[in-house]
Amino acid sequence: MKTKFSARDFSLILSLVAVWAFFAVASPQYLSARNLSALSVELAITATLALGMLLVILPGHIDLSVGSGVGLIGGIAAVLVFNHHWPAPLAFLPAIAVALLIWFAQGTLIVRERIPAFIITLGGLLIFKGAFWLVINTHTVPVAPGGRPNLFSLLTTYYLPPLASYGLIALVMLALITVTLRGRKRRASLGFEVDDAELAFLKLFLTAQALLLFVLCVNQFRGIPLPVLILGLVALVIQIITRHTPFGRHLYAIGGNEEAAFVSGVPVQRVVIGAYTLLGGIVAITGLLQTAYSGASTTTVGDSMELDAIAACVIGGTSLRGGRGTVLGVIFGALIMASLLNGMTLLAVSPELKFIARGVVLTLAVWMDVKLAKR
Amino acid sequence: MPALLEACAITKRFPGVTALREVSFDLRPGEIHALCGENGAGKSTLIKLLSGLHPHGSYEGELRLDDRPAQFRSIADAQRNGIAVIYQELALIPELSIAENLFLGCEPRRGLLIDWEKLYTDARTILGRVGLDLSLETPVGRLGVGQQQLVEIAKALSKQTRILILDEPTAALAEREVEILLTLLRDLRARGIACIYISHKLDEVFAIADRITVLRDGATISTHATATTSKNGVIRDMVGREIKDLFPRVASQPGDVLLQVSHLSAAPSPNAPPRLHDISFAVRAGEVLGIGGLMGAGRTELLMHIFGAWGVRQDGQVVIDGLSLHDATPVQALAAGLALVSEDRKRYGLVLDRDIGFNLSLSSLTRLRRGLLLDEEAEVRANQKFFSSLRVKAPSLETVVGTLSGGNQQKVVIGKALMTDPRVVFLDEPTRGIDVGAKLEVYELVNRLTAEGKAVVLVSSELPELMGMSDRIVMLHEGRVGGEFTRARATPEKLLAAALGRQLSAA
């Protein structure tokens, strides 16, 4: 696609720079390698969940239950590992299966019974929260019995060693360059406009710079955190699904005009149920990551994560009416959210103020969405 | 005679386009002035200017009202000056009653509360002025489009309107409703209300207008008194050429029966009374079957039901090319070789904020697959094929569909249907709201389809189109077949009688 930069893109970049500048001044540790490494883990978790949320917002739905779901799925895995002494990889399987099943069921209820997603998933929010607390018996359940690292705890404590990190970045850049060149050639051969060679080069160059800067930073600490790699994989998969499959096209069509999509032969119900089921899979991944990051399944794991995910989507240019939104935008939105939350934690901002700040950001983002939609 | 409303050398620019170039137009007191032009000629832009939607300062030139400069800042401002617009898309709230809609936003009050008694008395009076005799408590959503339009006009009249602007008012109306509307407009004219009337239907224009102004490519081409010009003259002005044959149907040799509908009955929902009763007809390869009828006769429901997008089957059978369709969804209908071009392209046809390519291939994506992924090269090739063969006028496949004119949007909808390679094509009002040139292209396309051995079902509210383009015609009357005619035997009188549920004696 030919690149168009909008005022919105610029305001996003500006707000990110403003957030970083503010916290860098307020707390010198904000830009330390250690904190940036932590920030990248938090970004990875928020962004992964937000990418799942994108799949249901695109066709014009929503999911308020993912936060509770994150807690529940992490809780199930933790209880199996800690109380029942299952090996971690084995414990992941039922946790993931439960998530897929739950979200398949929610999607089915939403489209077959025509109950608004808002209501179904609001019910889900409460039900999963209760189920979560039942599962962990409102105790704290560590993910690694006796503090011995297992696959569960390694999810957020494994780092790709510095040398391998450089190698990976080189590979990623090589792949990006190949894809860009091939894409340009194909678009040109089909008679479409392409970016100027200079602009295309600049984009690749800046991407390379950013990736290199990121690796330089995290390598000062321990290397690329595993969650970032997981995010990379999830983002790649979601990008392919949304941009290069009929299913993804159908998601955009349903969000753009559901009646027209239906009459055009889009299997609307199947597509929406599919989107919710995929979201279930992503809730499972996020649940395992977030629980591992907390070190244990406790009653607060996953709290308000649905709102962070929705905020990340909307900040990143996803329309709550459906039909508009991109993977890159959502990751960017998640970066802004994660930067804010991380900075506030670093400054030891009180939970009260944190709630208020989150709320203000979410409201502002939605307000902006509505404003832009009216044009 | 001094002009009531006058536009003097108006130029309106949008980013990249000049929509109006030095357009001049004047409306005299108590006249009906028709505005004609192909889509994209600048009619809508001019209306938006006159109604304050494009406020003063956003254009060059001058508007004059009562021979004084007028500077409308908003729609409300223009309304205060007595100008009201009835748009093609009606601005009524379906769930509210007629009376509530009439006074929406200016409810009579007693203190803080609504004065319901006055509201209903006044509503009765206003409704009387447009000749509607309906229960004031009926939700507007239950009225037909024609009646809704009358309610909208009544609403405008309640606001001391002196100038009524109607944008394609009859696009969705059946002949009888058109007649009611035209009578009303003549009546209003007699009472001194001036009217700007925009329509593609020249029959109506010549039946009602005192003067006719033609716009083309954003410029005024001509203004004539109706008596001193002719339809051919107006068409020549509109398209810049003469259209000799408006309905170039070339009949082809009918082949096998591709669509057989027998004793079909269907209702909107499982427990509702049926809307379609015992309908039977057949369409052969290479044949155009026309379906006519008044508004609400069930034409659209019939097509949508067969296609699997409306209602519940209660009885009967639909067989497409030997394959029986029952409780089908559009997915199955398309797979069976049936394609539908809906009458409401904005609602059922297009994803407006997506590009042409996205819309063209939307129905064919699952067949443009390589493994799990889209074969994007095959998609673009298919898109380009229909983009050029249908002559969509747009810079590229990546142009957003919502920015296209009605005729070009319609071509995209048709292209989307044809890309599925159907054997039977349903065209529901395919020429509604599109200009003369684009209409001709649609007719030629119908000929091409039948020449390729496809079967076409054409629904139309316009009798000339129905008679001009169909090989056989089925008229529906209140959800039943009111009569079936061959092209040779069809006359307007017979068709109308069948639509009204009457048999002409000695037919």
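Helices (DSSP runs of H or I, at least four residues) and strands (DSSP runs of E, at least two) are numbered from the N terminus. The structure described here is a predicted model, in which local features need pLDDT of at least 70 and side-chain atom pairs count only at pLDDT 80 or more, whereas totals for chains, interfaces and linings use all residues. Residues are numbered from 1 along each chain as its sequence is written, and chains are lettered from A and ligands numbered from 1 in the order in which they are written.

In chain A, A:A144 is found in the loop between strand 1 (141–142) and helix 6 (151–154). A residue is termed buried if 20 or more other C-beta atoms lie within 10 Å of its own, exposed if 12 or fewer do, and partly exposed in between, with C-beta atoms placed from the backbone. A:A144 counts as buried because it has 20 C-beta neighbours inside 10 Å. When residues up to four places away in sequence are left aside, A:A144 touches A:P149, A:N150, A:F152 and A:S153, a contact being defined by C-beta atoms, placed from the backbone, that lie within 7 Å of each other. A:A144 and A:L362 are 218 residues apart along the chain, and their C-alpha atoms are separated by 35 Å.

Residues up to four places away in sequence not being counted, A:N219 touches A:P162 and A:S165. From A:N219 to A:V266 the separation is 47 residues in sequence and 47 Å in space, C-alpha to C-alpha.

Two helix pairs of chain A were examined. Two packed helices are described by the angle between their axes and the distance between the axes. Here the axes are lines fitted to C-alpha atoms, for helices over the stretch in contact, and angles run from 0 to 180 degrees between N-to-C directions. Helix 4 (residues 88–112) and helix 12 (residues 268–294) of chain A have axes that come within 7 Å and cross at roughly 150°, which makes helix 4 of chain A roughly antiparallel to helix 12 of chain A; angles under 35 degrees count as roughly parallel, over 145 as roughly antiparallel, 65 to 115 as roughly perpendicular and the rest as oblique. Helix 4 of chain A passes helix 12 of chain A in a right-handed crossing, a crossing being right-handed if the near helix is turned clockwise from the far one by less than a right angle, and left-handed if anticlockwise. The contact between helix 4 and helix 12 of chain A has 18 nonpolar, eight polar and one charged residues, where Ala, Val, Leu, Ile, Met, Phe, Trp, Tyr, Cys and Pro count as nonpolar, Asp, Glu, Lys and Arg as charged, and the others, Gly among them, as polar.

In the second pair, helix 13 (residues 305–315) and helix 14 (residues 327–346) of chain A pack at an angle of about 125°, with their axes 7 Å apart, and helix 13 of chain A is therefore oblique to helix 14 of chain A. The crossing of helix 13 of chain A past helix 14 of chain A is right-handed. On the side of helix 13 of chain A, the residues that meet helix 14 of chain A include A:D308, A:A311 and A:I315, and their counterparts in helix 14 include A:V330, A:G333 and A:M337. By class, this contact of helix 13 with helix 14 of chain A has nine nonpolar, one polar and one charged residues.

The contact between the chains takes 20 residues from chain A and 27 residues from chain B. Helix 10 (246–256) and helix 11 (258–263) of chain A are the elements that give two or more residues to the side of chain A that touches chain B, and helix 10 of chain A provides the largest share of that side, five residues.

Chain B has 17 helices and 24 strands. Buried residues make up 48% of its 507 residues. Helix 9 (residues 299–307) of chain B is mostly covered, with nine of its nine residues buried, and B:G308, which follows helix 9 of chain B, has a positive phi near 90°.

Conventions:
Two residues are in contact if their C-beta atoms, placed from the backbone, lie within 7 Å.
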